[in-house]
Amino acid sequence: MTLREKTLVIIGVTLMGLLVVLLVAARQIVYRSFNQLEIEAADENLSRVTEAIAVAEREVRSTASDYAAWDDTCDYIQEPYESYETSNYSWASIQGIYVNTVIYLDREDNPVFMTEYDLSNGMKLQGEPPLLRALQSYPGLLNHTDVSGGQSGLVRTDGGVMLVSAEPIVTSRREGPILGTVLMGRYVDEEEIGRLASVTRLDLRMDVWSDAPAGPEFASAREQLSMTNLRHFDPMSTSSLAAYVLISDFKEDPVLIVRADMPRQIMGLGRSTIFTFIGVMLAGGIMCGLASLLLLERLVLRRMARLSRTVRTIGLRGDLSTRVPEDGADEIGDLAKSINETLEALERAQEALRSVGSRARCILWSADVEQGTDGDLQVSLKMQDERAAQRLLPMDLYGGVSYADSWKSAIHPEDKARVAKAPIDAIRRAETSYEQEYRIRTADDDVQWVGEQVAIEHLGGGRWRLVGVCTEITDRKQAQEELQRARDAALEVAQIKSDFLANMSHEVRTPINGIVGMVDLLKRTELAPEQQEYVQLIRVSADSLMTVINDILDFSKIESGKLRMEAIEFPIRGRVRDLVAIMAVRGEEKGIAVVGQVDDDVPDTLVGDPGRLTQVLMNLVGNAVKFTSEGEVRVVVGVEQADSNIVTLKFAVRDTGIGIPADKLEQIFEPFVQADASTTRRFGGTGLGLAICREIVQLMHGQLAVESVVDEGSTFSFTAEFRRGEGRRPTESGAVEAVSRPLRILLAEDNPINRRVARRLLEQDGHRIFTVEDGLSAVQAIEHERYDLVLMDVHMPRMGGFEALGAIRASERIRGGHIPVIAMTARAMEGDRERCLEAGMDGYIAKPVEPRLLRREIRRVVGDSQTSTGETAPAESAAQDAVLDLDGARERCGGDDLLLAELLDLLRESADNYVARIRLSAQETNWDEMIQVAHTLKGAAANLCAREVAAAARSLEETPPEVLESEHEGLVAQLDLAIERLKGSIDSLLRKKNADIDR
């Protein structure tokens, strides 16, 4: 198809499209407008119908009103006489007032007179009029509020629908009292509808609204009409429209459907307008199209045809020196100019191609494959351009019959079988192409790589044609090998880093373990107050160093993707309560409050990793306390989203501290970064805490965010997903009793300080401890003595823990028996526990060794059917726990009885001071101060598990100020009683402890 023909087609398609668009637009716009006008006209006609019915109603009401306000009627209703009836309600009179039914009722609504006529034939109907029976359904007709209070409307009767008016009987002057009621009614039947049609000049029909199925003329309208949609319009054809209106009776219930048929003159006018418009536009489009075609012919088509002929001639002759005429300063002229420039570039490229042909690095080959009678495939290879192949890989030294034979001989011996097998396998798999890479040996015994892409064409009859392209890829393969070496080096560096961190964990934790253990033992001896302070400072410094190490190790686990989350059921409220209690002590040192709030809809028990959750909260609350000098730190826990199985909680930690600048909010989550360069010097820290928290929160399928205003405070919030728990109350961290029977324990530990700490701790539990300094000595000791348990350090000189364990287990396989072995290691990398257990260890404990965890692991590994009985009877113990949970308080103090006694004595002495401040606040009516002091006392008592005092202080704290004014005396008295009981309990415990010391 020529360009001229295409132009004609485009113009024709454009005109057809224009016609379709105009038709659609006309239907959417013009038809819609005319249809709206038609509906408005039909709606106006229906209004005429309803007005005509209203006029008829007013006629009946006017007649009834005239008869009701007449002195003769007043006399008649009081004393009926026949002449009144015959003179006023004969057939001639009825024709004049044009009503079907007349009923007179006295004051008690009893009928005095009634008559009914058929207006079509003048026949007087016998029996009780249907209107009288219908009054039971329309009692409102007879409710006259005053002498002018008549009622009218449509009424449904057994005989049909009637226009009814009920007027009170009064004197001609409209004076009361009301003596009765005049009822007049006219049936709305076909005759009445005909009369209304003549008045409105519309073709009207009627249907009574009832439960019976409607006729075909009204069926669709019955489905559309309702008391909220009183009108409906139904186009019956292109020339006729049916409009329906629903008429309600006196009770506002539907009673009649009136249909008006009318011609669709407006839509007819709309259609003629549309066709005229489209015709005019189409004629104009055709004229414009012809004019456009003439202009295109002159300005474009003729020149493009000449340009096409010239280019075709150049293509046929291959003469790149030919040039196309450049006429006109428009796009066609520019195109001709560009073609000439392209021809010049092609001439230059052709010449350059000839000059660089010697540098071609690509070979095109083909092969014919035939299937022999034995089913084998025979491949016949040939090169399409042997000169180009020689430039890629000279093969003269191979002395082959052809270059194809030389190429086959040059394939590397290790790749030759694979290269020969590749096309046969591809054909047998019915593939259409394949790729492969292999090596070739050049004439100078060098090795190069080539990449081969092969297309397969099935010719039929057991024959195939292969066409392949070989490209040298030696440089690319070398780059890939360098990348692989770099990747291997990076993995080796990562492994070295992991090993370094593990060894660093062991080498650093080992001396810290000794420091912490010796400090704990030193704290249990008799020390002067100043010495106690020094020991406490050493312990704080060791804990701080351990925190730094833990941060670095946690960050390393996160970087290597080895941080794992546990799924343990735990009580969320207990976790938050304990966290707040611990941090409240640090807050009190700075004079700030640390409070917690857990919403009521938060489930009691959840399944998740309580340790990691506590780590995040401890870090955030610790930071809040660190950077807050006045005010409070508040921990709020609420439900973000929940279903039957999964609960997403939102945790928020709000403080009133120094705040964070807006430009630093994102940086604080980066490793080793803090909001201010001076922060580390002022407050300490590694800058890893928030980075670790963010990663842990993401592992809990949540997000960590921060909002802050400088000098006003910060809010760190995060979400975390948990499964709902089954309601079990897992044992919280508390005191763990030692195994009740003494054990013979072999302790294999190379560090003398660690040996002494562990030995002293275990001897306090009544065990006999035997120590060795390496794994070899441990193996030898077990061969000569019997032990109940071995505590084995993993890293020791001469023979490590794993090698010693292997020797022990090998000996057991020969002589029988099994001795439990618990691994002790300062490594804290992910998977250490699993590696120890897989190696045959019975248990695992990390250093620094916590007494509670060591006792728990020994009980788990060795087993203990007995439990120590305490020294108090159950009833006495329960009563004691209600006032003071001694085991819980001892656990809070790390099992240090001296520290516990000191803190209890301090609580006993400070309690009176708290109460005095509370009473002073009451005298000054400073209820906020009273609540704050009660909050501080509650935290101090809760930290030492003084339950009764904590509960009494909590009651005082949670009472609103307006209630405290009237009820504070009772609450303070309750607190006094709890403190006295606590002091008595503390005195009893201290006396008992002193007596034990004296003995």
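In this predicted model, Phe218 and Tyr244 are both buried. Their ring centres lie 5.9 Å apart with the planes at 70°, and because planes over 60 degrees apart count as edge-to-face, the pair belongs to that class. Phe218 sits in the loop between strand S7 (203-208) and helix H7 (219-224), whereas Tyr244 belongs to strand S9 (residues 240-248), so the pair ties together parts that are 26 residues apart in sequence.

A pair of aromatic rings is described by the distance of the centres and the angle of the planes. The count for the model comes to 19 aromatic pairs. Another of these is formed by Tyr81 and Tyr84, whose ring centres are 6.0 Å apart and whose planes stand at 75°, so this pair is edge-to-face. The two residues can also be described by their accessibility. Tyr81 has a relative accessible area of 32% and is therefore partly exposed. Tyr84, with a relative accessible area of 3%, is buried. Both Tyr81 and Tyr84 belong to one aromatic cluster, which also contains Tyr67, Trp70, Tyr76, Tyr89, Tyr104 and Phe113.

The next topic is helix packing. Two packed helices are described by the angle between their axes and the distance between the axes. The table sets out two such contacts.

| Helices | Axis distance | Angle |
|---|---|---|
| H20 (residues 775-784) and H21 (residues 801-815) | within 9 Å | roughly 20° |
| H16 (residues 610-626) and H18 (residues 689-699) | 10 Å | about 145° |

The axes of H20 and H21 cross at roughly 20°. Because angles under 35 degrees count as roughly parallel, H20 is roughly parallel to H21. The crossing of H20 with H21 is right-handed. On the H20 side, the contact involves Gly775, Val779, Ile782 and Glu783, which meet Ala804, Ala807, Ile808 and Arg815 of H21. By class, the residues of this contact comprise five nonpolar, one polar and two charged.

Helices H16 and H18 pack at an angle of about 145°. Their crossing is left-handed. H16 contributes Arg612, Gln615, Val616, Asn619, Leu620 and Asn623 to the contact, and H18 contributes Gly689, Leu690, Ile692, Cys693, Ile696 and Val697. Seven nonpolar, four polar and one charged residues make up the contact of H16 with H18.

Key: Residues are numbered from 1 along each chain as its sequence is written. This is a predicted model: local features need pLDDT of at least 70, side-chain atom pairs count only at pLDDT 80 or more; totals for chains, interfaces and linings use all residues. Side-chain values use heavy atoms; hydrogens and water are left out. Axes are lines fitted to C-alpha atoms, for helices over the stretch in contact, and angles run from 0 to 180 degrees between N-to-C directions. Helices (H or I, at least four residues) and strands (E, at least two) are DSSP runs, numbered from the N terminus. Angles under 35 degrees count as roughly parallel, over 145 as roughly antiparallel, 65 to 115 as roughly perpendicular and the rest as oblique. A crossing is left-handed if the near helix is turned anticlockwise from the far one by less than a right angle, and right-handed if clockwise. Contact means heavy atoms within 4.5 Å. Ala, Val, Leu, Ile, Met, Phe, Trp, Tyr, Cys and Pro count as nonpolar, Asp, Glu, Lys and Arg as charged, and the others, Gly among them, as polar. Rings of Phe, Tyr and Trp (its six-membered ring) pair if their centres lie within 6.5 Å; planes under 30 degrees apart count as stacked, over 60 as edge-to-face and the rest as tilted. Buried means under 20% relative accessible area, exposed over 50%, partly exposed in between (1.4 Å probe, protein chains only).
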